[in-house]
Protein chains: 4
Amino acid sequence: MTPATLDDFERLAGEVMAPGPFGYVVGGAGDEVTLGENRAAFHRWRLRPRVLVDVATVETATTLLGTPVAMPVGLAPTARQRLLHPDGEQAVARAASAAGLLQVVSTMSSDSLEAVAAASSGPRWFQLYVHKDRTVTQRLVERAAAAGYGAIVLTADFPVSGRRERELRDGFALDWGGLGNFPDLGGVEFLPLMTALHDQRLAWTDLEWIRRVSGLPLVLKGVLTAEDARLAVEHGCDGVLVSNHGGRQLDRVAASVDALPEVVAAVGGRAEVYLDGGIRRGVDVLTALALGARAVFVGRPQCWALAVGGEAGVMQMLGILRDELVNGMQLLGTPRVADVGPAHVAPGLPSAVSSR
Amino acid sequence: MTPATLDDFERLAGEVMAPGPFGYVVGGAGDEVTLGENRAAFHRWRLRPRVLVDVATVETATTLLGTPVAMPVGLAPTARQRLLHPDGEQAVARAASAAGLLQVVSTMSSDSLEAVAAASSGPRWFQLYVHKDRTVTQRLVERAAAAGYGAIVLTADFPVSGRRERELRDGFALDWGGLGNFPDLGGVEFLPLMTALHDQRLAWTDLEWIRRVSGLPLVLKGVLTAEDARLAVEHGCDGVLVSNHGGRQLDRVAASVDALPEVVAAVGGRAEVYLDGGIRRGVDVLTALALGARAVFVGRPQCWALAVGGEAGVMQMLGILRDELVNGMQLLGTPRVADVGPAHVAPGLPSAVSSR
Amino acid sequence: MTPATLDDFERLAGEVMAPGPFGYVVGGAGDEVTLGENRAAFHRWRLRPRVLVDVATVETATTLLGTPVAMPVGLAPTARQRLLHPDGEQAVARAASAAGLLQVVSTMSSDSLEAVAAASSGPRWFQLYVHKDRTVTQRLVERAAAAGYGAIVLTADFPVSGRRERELRDGFALDWGGLGNFPDLGGVEFLPLMTALHDQRLAWTDLEWIRRVSGLPLVLKGVLTAEDARLAVEHGCDGVLVSNHGGRQLDRVAASVDALPEVVAAVGGRAEVYLDGGIRRGVDVLTALALGARAVFVGRPQCWALAVGGEAGVMQMLGILRDELVNGMQLLGTPRVADVGPAHVAPGLPSAVSSR
Amino acid sequence: MTPATLDDFERLAGEVMAPGPFGYVVGGAGDEVTLGENRAAFHRWRLRPRVLVDVATVETATTLLGTPVAMPVGLAPTARQRLLHPDGEQAVARAASAAGLLQVVSTMSSDSLEAVAAASSGPRWFQLYVHKDRTVTQRLVERAAAAGYGAIVLTADFPVSGRRERELRDGFALDWGGLGNFPDLGGVEFLPLMTALHDQRLAWTDLEWIRRVSGLPLVLKGVLTAEDARLAVEHGCDGVLVSNHGGRQLDRVAASVDALPEVVAAVGGRAEVYLDGGIRRGVDVLTALALGARAVFVGRPQCWALAVGGEAGVMQMLGILRDELVNGMQLLGTPRVADVGPAHVAPGLPSAVSSR
């Protein structure tokens, strides 16, 4: 099968991956209500297309914190990508660079952030888990700044791991392999590092310190409420990433696209707002833009494409998404990214009554 | 099976058509959300029937831009109907004429517009795709006017084709055969013509030119928003056809019947409003009329009936729809088309909670 | 299987009846949206039970137009009940009398209205279809009055038959057998009588004439709108029966219980309001009462029970419904029928989002 | 299978229990609409998590009527637990005590309330069915007070049993075995006792008497409306337990979590409000707390766990729920029970339209 959609990559990945890792990628927390909602919620919104607009030239380019990118779609941070493909994060780096897109590299990458940077010729940000020992964190963000990462994406929704029961139930545990950013695991034991990496005391006041030691713009990832969006802005965040961690942390929270409007309203233009969770279609991207996101990030489709075809797979996946986005912008009557606005979207109606 | 409903024609067409062409006819863009919604949305509306009205005599006749028709149901333009039946558009022309109904003939008809006109003794309009070379377009509309077409139906929602993945996925491509309106394809190559036929720079200001060179009333097809409906009226359109191109262009836009009320309100009686998309039942027609449409158009049922039985099939399909409409008018207590109004329809309630 | 619910009778009837007649009984018009909604709509309402009410003594008795009945549930008129059981309407008459319930006998009964009256010792009303020849109608209502029927139930929603496609599709046609009220069908041909029985010119002004020639109270059956409810009251109706003819006439109209509130509000206590359509449970009866109905009528369950067990079957079905109603009144905290009011019901919430 | 969720215990119980008793435990009244709604309704609410809160220390402890408990989850009263496991209520007592949780013991326990008390070292309340002979009731509550039960939980929604048709249909009847609190059944016959235990004349004015003769705080169980909640407070109740008896009494009443907000508002802080019905997840507990419950009670999961593993099974089930609750509190950003408030919950959106 030649993949024609991002969902096709999921099917293909299910064929090439072992059930355990595949379940790890696709699964979510609890009853997976939020996982399902991330997709279903996009189907609830309706696009409002305008006609007789000149769409002969479509321009998908935009900027993220001032950095030019080829389209308002970035690569979300996901852990240890060598589990998906031997080329790991470097394959993603090459694909993202070739496509002119932003890659966000995980603290828990298989390769070191420097190795990923070496493979990348495009924009990249560094996703941060904060260690209880702040010197560990300080060294990480200093290395990221030195390696040309353009911003820190601080994950806020992971004081502890969510309960993903596919793993609990099956007793499945990934052989995680190495963590590229912590080569000296001879000195630091693995499990304590894992626990220490998610500081349960991380606080709003830490944000200023991270900005200072990194010298980089700061994006807060994992915001789902207006309250936290306001606090993020007040604590100097340059970006707010609306996310429920792909439905992998707390089940029953809102779909990210359903949380987007209240965050956008609370931020009030004082920071850029992004979204991840459930993006599979060009029309999903347009829906998020219309609701006020500046860009979206793709996580699972990236993993599937990487597993299916390495760098080429990721390129192919991004190409499909770009084709869909271009087509969608033409049919929505919005030839430039900035044309997409709140008048291009409206809530859909509840599902119809069922006949017999 | 003797077809008793329009849906029966779909089943029968699925038996007589090859999977590729059948998929082409029934399919939609993307996840086919809008395709499904076009049908489902009608099921959300509830008719409000009045009793003890004299319905001994039912009159389905009405006028469209002043032209008398036997019922407020027309034949939507669909491309190259010889793919469905050797008699193509001429079979539809004969059936429509016999039934006293309006046929809208596609720019991309198998037969030339003159040949279709010759087969027709009833009212007919000409659907227009605008060529980048305006002289090609001018010649088309002049020919249409000369051949007795009573209006131009300008398609506004097709700057580019939507992504219909049944075709992308299967690598299926129709052997399109000839385009009756472009017999000199020796001089014009096929694919460039196809591309050129959908001018991505088509603009509101082109409408006045089309009206002038055709000397005919103008209907704008593909409007889904109040904003565009107002612009259509301001640019002199005589009719506005609420349509999402049968769910074949941009997925996730509203069902046409859900977009109808805002268009009707925006037009405010300054033009006639029509609808296509999802019409399968007499009660669908009544719902659209109650929401303010002057008439509706049927696309896929026409294709299925043509494939199943040629002219006789189309006649049979139209007969069923007329019988359902008459029955519905009697049971709704609206013996004349003009009797159907906003008090005859109300939104239904969301679907019930499910028991175990 | 010993039936424990009214639905059980449907299952049992499906075993003992031939598919054709069974389909005739259970089927509805068009896509059977309204048929399904009649049931589903009850599931949308939520009862609000009160506790610590003295329910040691429960009294289900009430009156209908002044006539005492054992519970607010009557037997709806359904045609030619000998098709279901050799004892036909007389079996129902005996069961209804024994249960102290009101039977509404159809104009199109298998047995003559006099024969049914002879089998009945309880309250009975006569359902009327109005013949185009008013002398036929006048004779019918005079006979009904003479035979002790206590009211005329005029069917208003049947100017023509709805389109029930199970029959259209299968070419199934019931052998209707005789019409007890028209024994001289030697002189009147069958099909013309059928057509003439449903006068498509029946008007509001006919109501006064029916009241005069019958000398009986008048109930209008088939009302679904506030507008018609007001007209019914203004034209002197004593009762209004909210009904969509069991989903057998116009598809896509509201479930009868969803139409009930607007009718109750429009009537404003000036007439009694009843409901049929979808009653299968004691809690359905309570929901209708809470929304303002004085009583409800059961159609299909009566037919199934008659087919399954004749008089005994109908008795058993009514016994189950009475047991459910008594239990429901105790648990709702409403020991008398008049205790049930608007505070005992509230709309439910839309169905939940689905998890994966 | 090692159970990872409370639902897993249902599956396991289905394997170890005979179909009759299992059906008795899992079944509900009527069409089981309310039974299903108790679960589905939780899925309709969305949690609103806050980030960057110090959750290094989570404290699930709270108090119920002043009594400290380890978490805001108690063991609901369910009848004759020896049917589930030979150790019956004493197994639950030991598990609850070990977990520091409140056990509510049923009037209809297999073991006497004194025997259960002897097995318990933790907080316990006594659930009361009121006998028609008030001296029987007085002796029961005096014994409960003497045996150290800390409150009376008066069941208000059981004037008669609901109709649970699994039993009606199958003719299934439990061999109930003995009632520990009525050892002298030699003198009192069984069925009359059962009937007499549910006084259908129980009234608000009885509450004061129960409080007086027991000398204990009073919780009213089975309240679903604001009206009854206000009456409960006015009649001196210390707690109100929002419950529909697990969907086993009147079908079509609201899910308990959907009734919770109106009860909380009506009580207005004048009493503690609890909930049972549909609790299967830590996020269910959090949803109820956010909507104003002080604690929740688990019924069926307790039964399943008891059947599957006796005391150890109940311990395991409570451990899972505690782990989920702790995880949920960390991810919700509410390290103490009192932190959870109305801003942590919002209604979800209706289910999405379905694509084809």
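Trainee: How many residues does the contact take from chain A and from chain D?

Mentor: Contact means heavy atoms within 4.5 Å. By that rule, chain A gives 43 residues and chain D gives 37 residues. This is a predicted model, in which local features need pLDDT of at least 70 and side-chain atom pairs count only at pLDDT 80 or more, while totals for chains, interfaces and linings use all residues. Residues are numbered from 1 along each chain as its sequence is written, chains are lettered from A and ligands numbered from 1 in the order in which they are written, and side-chain values use heavy atoms, with hydrogens and water left out.

Trainee: What area is buried between chain A and chain D?

Mentor: Buried area is the accessible area (1.4 Å probe) that two parts lose on being put together, summed over both. Here it is about 3,500 Å², with 54% given by carbon and sulfur atoms. A:R163, A:L250 and A:R252 supply 23% of the area that chain A buries against chain D, more than any other three residues.

Trainee: How many salt bridges does the rule find across the interface of chain A and chain D?

Mentor: A salt bridge is a side-chain nitrogen of Lys or Arg within 4 Å of a carboxyl oxygen of Asp or Glu. The rule finds 8 across this interface. One of the salt bridges joins D:R281 to A:D31, at 2.8 Å from N to O. Both residues also belong to a network of salt bridges, whose members include A:E165, A:R252 and D:D284.

Trainee: Which residue of chain B forms a salt bridge with A:D54?

Mentor: The partner is B:R201, the closest N and O atoms being 3.1 Å apart. Relative accessible area is read in classes: buried means under 20%, exposed over 50%, and partly exposed in between (1.4 Å probe, protein chains only). A:D54, at 36%, is partly exposed, and B:R201, at 48%, is partly exposed too.

Trainee: Is C:E272 buried or exposed?

Mentor: With 15% relative accessibility, C:E272 counts as buried. Its side chain meets that of C:R294 in a salt bridge (3.2 Å, N to O), and C:R294 is partly exposed at 32%.

Trainee: How are two copies of a chain related?

Mentor: In general, one copy is related to another by a rotation about an axis and a shift along it. Copies are superposed by least squares on the C-alpha atoms of residues with pLDDT of at least 70 in both. A rotation of 90° with 0.0 Å of shift along its axis places chain A on chain B, with an RMSD of 0.0 Å. The two copies are therefore related as by a four-fold rotation axis.
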